[in-house]
Amino acid sequence: MSARFEELGWQQTPMGVISLRRRFDATARTDVYEIKLDDEYVMTSLFTAAERELARLGLARTPGADLDVAIGGLGLGYTAREALECARIRTLTVIEYSDAVIDWHERDLLPDTVGLAADSRVGLVCADFFASATSAVGFDPDHPGRTYDAILLDIDHSPRHVLHDPHAEFYSYAGLLAASAHLAPGGTFAMWSDDAPDEEFSAVLESVFTDVEAQQIWFDNPLTQGRSAATIYLANRP
C-alpha cells in the first residue's frame, strides 16, 4: 500500500492556490489523484467517465479527417487522452491556464496519462482559454484566426458555477458567438458540466449553434455506493 497522502505540486494563481495531491481512498481501495483550487475540488481520478465522454461524443459528431481539435482545460488529462484515441486527430491543442498543471503532465506525475505531453500531435499552451476564445487571435498566436474542427471545454463546474467570476461572460450569447468564430463550418462545440441539463443555457447555445443537445452521463459513485451524473452539451457551427 502506498503512503496515505502526498502533495505532488501547487502554485499560487490569481484565482487561488491550485494543487495536485495523491491520497489512498479506503472506500475505493485505490490511489486517487485530485486537483484543488484553494479548498474547492476541480477534478478527481475517481470520476472520469464524463470527461472521457466529452471527447468521444464531441468527436463522434465532428465530420472529416485530419482533425484539428482544441481543448479548454488540461486538468488530469482524461479528455485529452480520450481524444487521442480517435484516429482522425491531426493536432490537439490544449489550452491550460496554469503552467503548474502543464508541468505536472510534462513530468508524468499522473499514471493514467503518462506520455500525453510527449505525443507529437499534442501542443500544451499556457493561456486563458476564455480570453483566447473571445478574441480575434484565438488559440494560436502564431496563426491568428486559425479555426478548429472541434472545441472541447472542461474548466468550470457549470455555466452557473464558475471557478472565476470573469468566466461567466463566456456563457452568454456574445461569448459563445465569439468562440464560434474559431470553429470551422460544421465544427463541434462540446462542453462538460457538473449540473443537470440547463434549459436556459441550452437556449443560449441554440441562438449561436445548430443541433444542440444536452446528454446526461451516468457513472458509478464508489463514495455513495450509488450513481451520479454529469452533462455533456453538444452543438455545431452552422
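Is Arg23 buried or exposed, going by its relative accessible area? Arg23 is buried, with a relative accessible area of 18%; buried means under 20%, exposed means over 50%, and partly exposed lies in between, using a 1.4 Å probe and protein chains only. The model is predicted: local features need pLDDT of at least 70, side-chain atom pairs count only at pLDDT 80 or more, and totals for chains, interfaces and linings use all residues. Residues are numbered from 1 along each chain as its sequence is written, and side-chain values use heavy atoms, leaving out hydrogens and water.

**Salt bridges**

- The count comes to 15 salt bridges, where a salt bridge is a side-chain nitrogen of Lys or Arg within 4 Å of a carboxyl oxygen of Asp or Glu.
- Arg23 forms a salt bridge with Glu34, and their closest N and O atoms are 2.9 Å apart.
- Arg23 lies in strand β2 and Glu34 in strand β3, so this pair ties together parts that are 11 residues apart in sequence. Strands (E, at least two residues) and helices (H or I, at least four) are DSSP runs, numbered from the N terminus.
- Glu34 is buried, at 3% relative accessible area.
- Arg56 forms a salt bridge with Glu53, with 2.7 Å between the closest N and O atoms. The two are three residues apart in helix α1, which means a separation of about one helical turn.
- Arg56 is partly exposed at 44% relative accessibility, whereas Glu53 is buried at 18%.
- Arg107 forms a salt bridge with Asp103, the closest N and O atoms being 2.9 Å apart. Arg107 is partly exposed, with a relative accessible area of 46%.
- Asp103 is also partly exposed, at 29% relative accessibility.

**A buried Asp**

- Asp156 is found in the loop between β8 (148-153) and α5 (173-180).
- Asp156 is buried yet has no salt bridge, and the nearest side chain of opposite charge, Arg160, is 13 Å away. For charge, Lys and Arg count as positive and Asp and Glu as negative, while His and the chain ends are not counted.
- The side chain of Asp156 makes a polar contact of 2.9 Å with the side chain of His167, and another of 2.6 Å with that of Tyr171. A polar contact is a pair of N or O atoms within 3.5 Å; within protein, one must be able to donate a hydrogen and the other to accept it, and residues adjacent in sequence count only if both atoms are side-chain atoms.

**Nonpolar cores**

- The largest nonpolar core has 45 residues, and those with the most contacts inside it are Leu59, Val69, Ile71, Leu76, Leu92 and Leu152. Such a core is a set of buried Ala, Val, Leu, Ile, Met, Phe, Trp, Tyr and Cys residues joined through side-chain atoms within 4.5 Å.
- Helix α1 (residues 49-60) gives the largest share of this core, five residues.
- A second, separate core of 23 residues includes Phe130, Leu153, Leu176 and Ala235.

**Helix α3**

- The buried residues of α3 (residues 99-106) are Ala100, Val101, Ile102, Trp104 and His105.
- At the start of α3, a side-chain oxygen of Ser98 reaches to within 3.2 Å of the backbone nitrogen of Ala100.
- Asp108 follows α3 and has a positive phi, near 55°.
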